[in-house]
Amino acid sequence: ARPSLRDAVVAHATASVAGAAKPTGHKAEGDDERAAALEGVRRELALGVALCVKDVSLVPVLLRNAAATAGRADDSVLVQEAVALELPRLAPALATLHGPEPTLATAAQALKSEAGDAVDADRSKATEALLLSLLEALAGPGTKRTPGLWDGAAKLREAVQASRGSSSDADDTVRFLVPALGSASAAQFFDALPALLLHLDDAALAAAFRRAVAATLSATNKVSGAAATLGAAELVVGLHGVDDKVVPVKRVTEALNVCLAARDVFGALCLRDALDKMTDVGADGDDKARLAKLPQLLMRTCILAVKTYPAQLSSFVASTVLVRLVKMKVWTHGALWKGFMMCCGLLASPTEDHSHTCFAAALALPAPQLSHLLKLAPKLKLPLKRHAEKLIKARDLGGVNPPSLKLLGLEAPAAN
């Protein structure tokens, strides 16, 4: 039986793609000749690329032929570049007609030969690069959630792992999740977070964090009350909760530094919200239990936040965070107490209304702990005493621990 017109066209397109990928024995010299050769390759691929929109099964054919040129020294290697240039134009149509998840699942077939066999290392590496380019093209800027994209990226990662024979805990395949982070739920992001921290460098991690919160930032800026995916403050809080048995503390501190450096995303309001959430542990349980809920890196972040945004965050930290910690008897927790005292030292300089100082928290401390604090931050004693004198004069001693007044050489006024 004669082949249908459609079959004939597909066969011709497939042959054109395969022809473009055959060794040429020639290498273009100079930018102009190379540009002309690249344009010629794109013309040869045009029909195959166009037919991919209608028949997604042609996508792995396109990728296989492009990857087959890996390691060559002639013009046929330009097929990889030509395909990479076409993917951003092809992806929107594929997403619309077939959906991101089916498109990626089909494209992942390119990781094996047409016979289903494993391919050599050069072809495998080239195929992974093209698949990642396709995923990035499907994801776009990531300012809105794309249904099916996260599931498709997760399955693509699994396919890459299977082709490598590796495991999720021991390889860098987490990079296949990064373009889809804007479509992930908060739970999905935090499941992937340890791998992101372990396998991405700081620059890649910064890009991943931006993409993870991009949809929420876009919704906040453009659509009032839009449903959030993962907020910037939620991400910061989540970083503080990473298990140090899985990710070294040093790496988590580096990740927090990445956040602090991205001021346009993780700004003063974000840090205020994060510090508020981390220290608002409720009233259930005793002080020890409540202190145990506080993250190990809380005071480090608190200090860096005040140093980064002194005008915006000093008052909140002084009047809310430090006061909450005193109520939880922070001095019974060695690491937090040390950080608390360092933060008080940072907030010891008096301001006009004292809203940016640690005075309220310091005067609420028991006398022995206040004595310890004043030894660490001696410059605090005189302004603290003057502030306490004003409180005594105004008879505004709510929250003040009377024995601490005695430590400052003061007496509370007698009750009427």
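User: How many aromatic pairs does a search of the whole structure find?

Analyst: Three aromatic pairs are found. Keep in mind that this is a predicted model.

User: Why is the pair of phenylalanine 189 and phenylalanine 209 called edge-to-face?

Analyst: The ring centres of phenylalanine 189 and phenylalanine 209 are 6.4 Å apart, and their planes stand at 65°. A pair needs centres within 6.5 Å, and edge-to-face needs planes over 60 degrees apart. Both conditions hold, so the pair is edge-to-face.

User: What makes this pair a tie between separate parts of the sequence?

Analyst: Phenylalanine 189 belongs to helix H8 (residues 186-199). Phenylalanine 209 belongs to helix H9 (residues 202-222).

User: Are phenylalanine 189 and phenylalanine 209 buried or exposed?

Analyst: Buried means under 20% relative accessible area. Phenylalanine 189 has 1%, so it counts as buried. Phenylalanine 209 also has 1%, so it is buried too.

User: Which residues do ring pairs link into a cluster?

Analyst: The cluster consists of Phe189, Phe190 and Phe209.

User: Why is the pair of tryptophan 337 and phenylalanine 340 called stacked?

Analyst: Stacked needs planes under 30 degrees apart. The planes of tryptophan 337 and phenylalanine 340 are at 20°, with ring centres 5.4 Å apart, so this pair is stacked. Both residues lie in helix H16 (residues 334-346), three residues apart, about one turn of the helix.

User: How do you know that tryptophan 337 and phenylalanine 340 are buried?

Analyst: The cut-off is under 20%. Tryptophan 337 has a relative accessibility of 6%, so it counts as buried. Phenylalanine 340 has 0%, so it is buried as well.

User: What is phenylalanine 340 in contact with, leaving aside neighbours within four places in sequence?

Analyst: Its contacts are Met299, Leu322, Leu325, Val326, Val330, Ala361 and Leu365.

User: Which residues touch the most other members of the largest nonpolar core?

Analyst: Phe209, Leu322 and Phe340 do, in a core of 133 residues. In soluble globular proteins, nonpolar side chains tend to be buried together.

User: Why does methionine 341 count as buried?

Analyst: Methionine 341 has 6% relative accessibility, and the limit is under 20%, so it counts as buried. Methionine 341 lies in helix H16. Beyond four places in sequence, methionine 341 is in contact with His372, Leu373 and Leu376.

User: What makes arginine 263 count as sitting over the ring of tyrosine 309?

Analyst: The distance limit for the charge is 6 Å from the ring centre. The charged end of arginine 263 is 5.3 Å from the centre of the tyrosine 309 ring and sits over that ring.

User: Why is serine 183 called buried, although its place is in a loop?

Analyst: The loop lies between helix H7 (149-164) and H8. Serine 183 has 7% relative accessibility, against a limit of under 20%, so it counts as buried. Not counting residues up to four places away in sequence, serine 183 touches Lys144, Arg145, Thr146, Leu149, Trp150 and Gln188.

User: Why is lysine 329 partly exposed, while arginine 395 counts as exposed?

Analyst: Exposed means over 50%, and partly exposed lies between that and the buried range. Lysine 329 has a relative accessible area of 40%, so it is partly exposed. Arginine 395 has 51%, so it counts as exposed.

User: What is the phi of lysine 329 and of arginine 395?

Analyst: Lysine 329 has a positive phi of about 60° although it is not a glycine. Arginine 395 has a positive phi of about 50°, and it is not a glycine either. Lysine 329 is in the loop between helix H15 (310-327) and H16. Arginine 395 is in the loop between helix H19 (381-394) and helix H20 (402-407).

User: Why is aspartate 243 called partly exposed?

Analyst: Its relative accessible area is 38%. Buried needs under 20% and exposed needs over 50%, so aspartate 243 is partly exposed. Aspartate 243 lies in the loop between helix H10 (232-240) and helix H11 (249-261).

User: At what angle do the axes of helix H4 and helix H6 cross?

Analyst: The axes of helix H4 (residues 78-98) and helix H6 (residues 121-139) cross at roughly 35° and come within 8 Å. The crossing is right-handed. Residues making the contact include Val83, Leu87 and Ala91 of H4 and Leu130, Leu134 and Ala137 of H6.

How values were computed
Residues numbered from 1 in each chain as written. Predicted model: local features only at pLDDT ≥ 70, side-chain atom pairs only at ≥ 80, totals over all residues. Heavy atoms only, no water. Phe/Tyr/Trp six-rings, centres within 6.5 Å; stacked < 30°, edge-to-face > 60°. Helix = DSSP H or I, 4+ residues; strand = E, 2+ residues; numbered from the N terminus. Buried < 20%, exposed > 50% of the residue type's maximum accessible area, 1.4 Å probe, protein only. Lys NZ or Arg CZ within 6 Å of the ring centre and 35° of its normal. Contact = heavy atoms within 4.5 Å. Core = buried A, V, L, I, M, F, W, Y, C linked by side-chain atoms within 4.5 Å. Axes fitted to C-alpha atoms, helices over the stretch in contact; angles between N-to-C directions. Left-handed = near helix turned anticlockwise from the far one by under 90°.
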